[in-house]
Amino acid sequence: MTPSRDPLPETVEVVVIGGGLAGLTQAIALARHGISVAVIDREDPARALGAGFDGRVSAIALASQRMLDAIGLWPHVAEAQPMWDIRVSDGDSLLFVHYDHRDIGNAPFGYLVENRVLRQAQQAAIAGLPNLHLAAPMAAARIDFGPAGSGRPAAVELADGRVIRARLVIGADGRQSAVRSGAGIRTTGWDYDQAGIVCTVAHELPHEGVAQERFLPAGPFAILPMTDDADGRHRSSLVWVEPTATAAAIMALPDAAFDAEMRRRFGDGYGDAHVTGPRWSYPLSFSHAERYAGHRMVLVGDAAHGIHPIAGQGLNLGLRDVAALTEVLVEAQRLGLDIGREDVLDRYVRWRRVDTLVVSAIMDGLTRLFSTTAAPVRIARDLGLGLVDRIRPLKKVFMRHAMGDLGSLPRLLRGERV
């Protein structure tokens, strides 16, 4: 497709590189608060909205949903399945943790939304924001952040030769971030030698809004409730983790054989079940940037931290970045400060770094803990699940964490405008 030639201003306050779920949400949040933004994204929006582009479903924690509502994006979400309960189990063990939303209030833990539906909502939201400019498909060929400590704006040269100047460049361009590497920021990371198989399962019995995380020896097997389809069939999204080689072999199976392998793990609690639609497979890895910010640049989402999909925390971490950075930049602008200065961005770094390090370490630890088949370890973790289920104060802490309601929350995560 011919690259976008939509009119772009020569100067904006912020350029966002990457128009994915975190990047475009960041742009919408800033534009809603009066900050002019240009988004540069390599992906063709029409392709990204197609049914075959991304089969994943995102678990949007309650706090994240409040933020999406506060910035005017949530009203455009066409379909969202409330997550009323969460059940965590270890293989065929009789011990498990069951989180019931009624133990802490009337609200759900969050919502399950297809990524395609979230992208549609983003495109609808930006239509009413004249201070948000999207160039896609388009690449940033070169970024000049300027001398450290100078008042000179950053300059982003696009692949078609146009140049946009801004006080701040936000890197939201994923785990292979060009913004991050261009700023000389290294990462720590590793490959899990696992792949996540993603597909939609139609099933006979209703899921009742219960999300299940089953830890099998090969990896997590998550059953995430979805809205019924147009024909009224009950559906769930399956995130099925296997070693890379095993996942490739499973993906290569004919439909009937793939269905049989799925049902062996899926169980009979949902009645008759079968895969509907395409399947996808994604490699799983861990990455963490040594720094989140520098002179006239800052990182959000997977550009700053990429984690294992266990417990579905990846996008919520990115949305917490968005909420914190929006509050920092909007307040700095109101005070007349240069929003690209490192001392301004340091507040964002301090706010987000501890949270992301703690969550990343917990998710990595859980991945390794539940991948161990040694009998003493399995006994210990099963007892741990049983204890958490019975110690109500501790259980409520974990439930609040699942809702995204712990810690020092930015105003957007409380459902308030900045």
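A residue counts as buried when its relative accessible area is under 20%. The exercises below apply this and related cut-offs to a predicted model.

**Exercise 1.** Decide whether Phe-266 and Tyr-270 are buried or exposed, and work out which kind of aromatic pair their rings form.

*Solution.* Begin with Phe-266, which has a relative accessibility of 1% and therefore counts as buried. The centres of the Phe-266 and Tyr-270 rings are 5.0 Å apart and their planes stand at 45°, so the pair is tilted.

**Exercise 2.** State how many aromatic pairs a search of the whole structure finds, and explain which parts the pair of Trp-74 and Tyr-111 ties together.

*Solution.* The search of the whole structure gives six aromatic pairs. Among them is the tilted pair of Trp-74 and Tyr-111, with 5.3 Å from centre to centre and 55° between the planes. Because Trp-74 lies in the loop between helix H3 (62–70) and strand E4 (81–83), while Tyr-111 belongs to strand E7 (residues 110–114), the pair ties together parts that are 37 residues apart in sequence. Both Trp-74 and Tyr-111 are buried.

**Exercise 3.** Find which residue has its charged end over the ring of Phe-258, and name the aromatic cluster that contains Phe-258.

*Solution.* The charged end of Arg-279 sits over the Phe-258 ring, 4.1 Å from its centre. Phe-258 itself forms one aromatic cluster with Phe-221 and Trp-240.

Terms used: Residues are numbered from 1 along each chain as its sequence is written. This is a predicted model: local features need pLDDT of at least 70, side-chain atom pairs count only at pLDDT 80 or more; totals for chains, interfaces and linings use all residues. Side-chain values use heavy atoms; hydrogens and water are left out. Rings of Phe, Tyr and Trp (its six-membered ring) pair if their centres lie within 6.5 Å; planes under 30 degrees apart count as stacked, over 60 as edge-to-face and the rest as tilted. Helices (H or I, at least four residues) and strands (E, at least two) are DSSP runs, numbered from the N terminus. Buried means under 20% relative accessible area, exposed over 50%, partly exposed in between (1.4 Å probe, protein chains only). A charge sits over a ring if NZ of Lys or CZ of Arg is within 6 Å of the ring centre and within 35 degrees of the ring normal.
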